[in-house]
Amino acid sequence: MGKLFGTNGIRGKFGDELTVELAVKIALSIGTYFNGGEILVGFDGRVSSPILKRAVISGLLASGCNVAHAGMLPTPVLQFGVKYFKYDGGVMITASHNPPEYNGIKVIGPDGIEIPRREEEKIEEIFFENKIHRAAWNEVGRIKEEPNVIQAYIDEIIKQVNVRKIASRKFKVVVDPGNGVSSLTTPIVLKRIGCEVITINDVIDGKFPGRGPEPIPKVLGIVSKMVSSNADLGVSLDGDGDRAIFTDEKGVTHWGDKSGAIIEKYLLQREGGGIIVTPVSSSKLIEEIAMKYNGEIIWTRVGSVTVSHKLKEVNGTLGIEENGGIFYPPHQLVRDGTMATLLMLEVLTHEGEGLSKIVDKLPRYYNYKDKIPCPHNLKKKVMEKMLLEVKCEEAVKIETIDGIKIWKDENKWVLIRPSGTEPIIRIYAEAKSNEEAKELVEKYKEKLRGILA
Ligand code: MG
């Protein structure tokens, strides 16, 4: 059977891999899966989103589902809305951090989380085996507006932190939504809790003219300058607002496992322990903090949906992704850039010092990443061969939760993992020095080359 879903829903270039006709048929399949339920539909600020939204709504209505239209909003806000207003499910039109020509469709379950793989397979079966339900003319769904999702979200999210305490610090925060939809929430939420907000790239624009939809340190130079000259913190969000990357008061931008570790430490201390869920690609730092502050760590496969479902299963305290995904279950089980920002401000309030000083106190690890081209059909064979080779090497531990993770010693590992969507194999390494990490990556890249040849 064919596959529609990747790691995060259905993604593709608009008009090419993801056409209007295809979107209608996908939506008919999603609607058949929900079997006439009430579905909340939202969309991001991409150029093709209003078109795809109409196609998706048409498909859902034609399958007999009723649709509530939430309008343009960040993905975590739609997810919050599904749960808060008790919808049977949700559909979000977004391609998150992908380039502007891309778009995608995410299917949200009644718990606000993207549906797990086994449920996606049910939709794929309906789609590919043509088990689509087409409602009769007098049984098609009804459509209504649901205009209150953003307001409800803002009112609820600020209850997750001590607003009075944070407000007393009069933080100055640079907010950079990257021309994405977090413009609709993050600056407003921060103003509500007494921050002075300076925005950049806050005009929603599907062409992402500012710095592109993905907040990686090398495109955040202006944010860095703005924060170092005149603010306490910078936050840069991805296109649909579920990931947040922070810049400290000196203008240094930190990757997500550092900011995640800081929030982790704070929560474990506050709660006296807890369960932390993170993918195998994350830094050892996350584990070290967990060990030190009475936490338990659960490693998962890479992918935010996996982290969400694991958090739900184990009643976890926090989920962390190295790309800036923070999952805070008391708010919701999915990653949320605004929630991450509120937690970070709470940490700064609690610690009483700047982010740069807090980062300085963390144990230091160095990461290095690379990739090598590998056609989809060869990935399985290459990985099998790699595993055989690796088993003959000296290693403290070999893990196969996702790809192959080889622990060379307790602070040094390399992860070889085929991408779920692109024709590449990724190589990640971590060590106590940059040179060691780079050396590891080069060594395994060479091995992969050998196997591929
Ligand atoms: Mg995203």
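Select Glu214 and Arg243, whose side chains meet in a salt bridge with 3.1 Å from N to O; a salt bridge here is a side-chain nitrogen of Lys or Arg within 4 Å of a carboxyl oxygen of Asp or Glu. The pair links distant parts of the chain, 29 residues apart, with Glu214 in the loop between S8 and H8 and Arg243 in the loop between strand S9 (233-237) and strand S10 (244-247). The names H and S stand for helices (H or I, at least four residues) and strands (E, at least two), which are DSSP runs numbered from the N terminus. Glu214 counts as partly exposed at 28% relative accessibility, whereas Arg243 is buried, with a relative accessible area of 2%; buried means under 20% relative accessible area, exposed over 50%, and partly exposed in between (1.4 Å probe, protein chains only).

What you have open is a predicted model, in which local features need pLDDT of at least 70 and side-chain atom pairs count only at pLDDT 80 or more, while totals for chains, interfaces and linings use all residues. Residues are numbered from 1 along each chain as its sequence is written, and side-chain values use heavy atoms, with hydrogens and water left out.

**The neighbour in the loop**

Stay in the loop between S9 and S10 and select Asp242, which is found there. Is Asp242 buried or exposed? At 2% relative accessibility, Asp242 counts as buried. Leaving aside residues up to four places away in sequence, Asp242 touches Pro76, Ser96, Lys106, Gly324, Gly325, Arg335, Asp336 and Gly337, where contact means heavy atoms within 4.5 Å.

**Further salt bridges**

Next, select Arg211 and Asp176, whose side chains meet in a salt bridge with 2.9 Å from N to O. This pair also links distant parts of the chain, 35 residues apart, since Arg211 lies in the loop between strand S8 (196-199) and helix H8 (221-230) and Asp176 lies in strand S7 (residues 172-176). Arg211 is buried, with a relative accessible area of 11%, and Asp176 counts as buried at 0% relative accessibility.

Then move to Lys447 and Glu393, where the side chains meet in a salt bridge with 3.0 Å from N to O. Lys447 counts as partly exposed at 23% relative accessibility, while Glu393 counts as buried at 18%. The structure holds 33 salt bridges.

**Helix H14**

Select H14, which has 16 residues and reaches 24 Å from its first C-alpha to its last, close to the 22 Å expected at 1.5 Å a residue; the expected span is 1.5 Å times one less than the number of residues. Which residues of H14 are buried? In H14, Lys379, Val382, Met383, Met386 and Val390 are buried. These residues cover an arc of only 105 degrees around the axis, which puts them on the same side of H14; the arc is that of the directions from the helix axis to the C-beta atoms. The cover over the buried residues of H14 includes S17, strand S18 (404-409), strand S19 (412-418), strand S20 (424-431) and H15. Now turn the view to the face of H14 turned away from its buried side, which carries the exposed residues Asn377, Lys380, Lys381, Lys385, Leu388 and Lys391.

**Helix H4**

Select helix H4 (residues 117-128), which has 12 residues and reaches 16 Å from its first C-alpha to its last, close to the 16 Å expected at 1.5 Å a residue. The buried residues of H4 are Glu119, Glu120, Ile123, Glu124, Ile126 and Phe127, and they cover an arc of only 160 degrees around the axis, which puts them on the same side of H4. Among what covers the buried residues of H4 are helix H1 (20-34) and strand S5 (102-108). A network of salt bridges links Arg117, Glu120, Glu121 and Glu124. Just after H4, select Asn130, which takes a positive phi of about 50 degrees.

**The whole chain**

Finally, zoom out to the protein chain, whose secondary structure comes to 15 helices and 20 strands. Along its principal axes the C-alpha trace spans about 65 × 60 × 40 Å, and buried residues make up 58% of the 453 residues. Among contacts between residues at least 6 apart in sequence, 69% join residues at least 24 apart.
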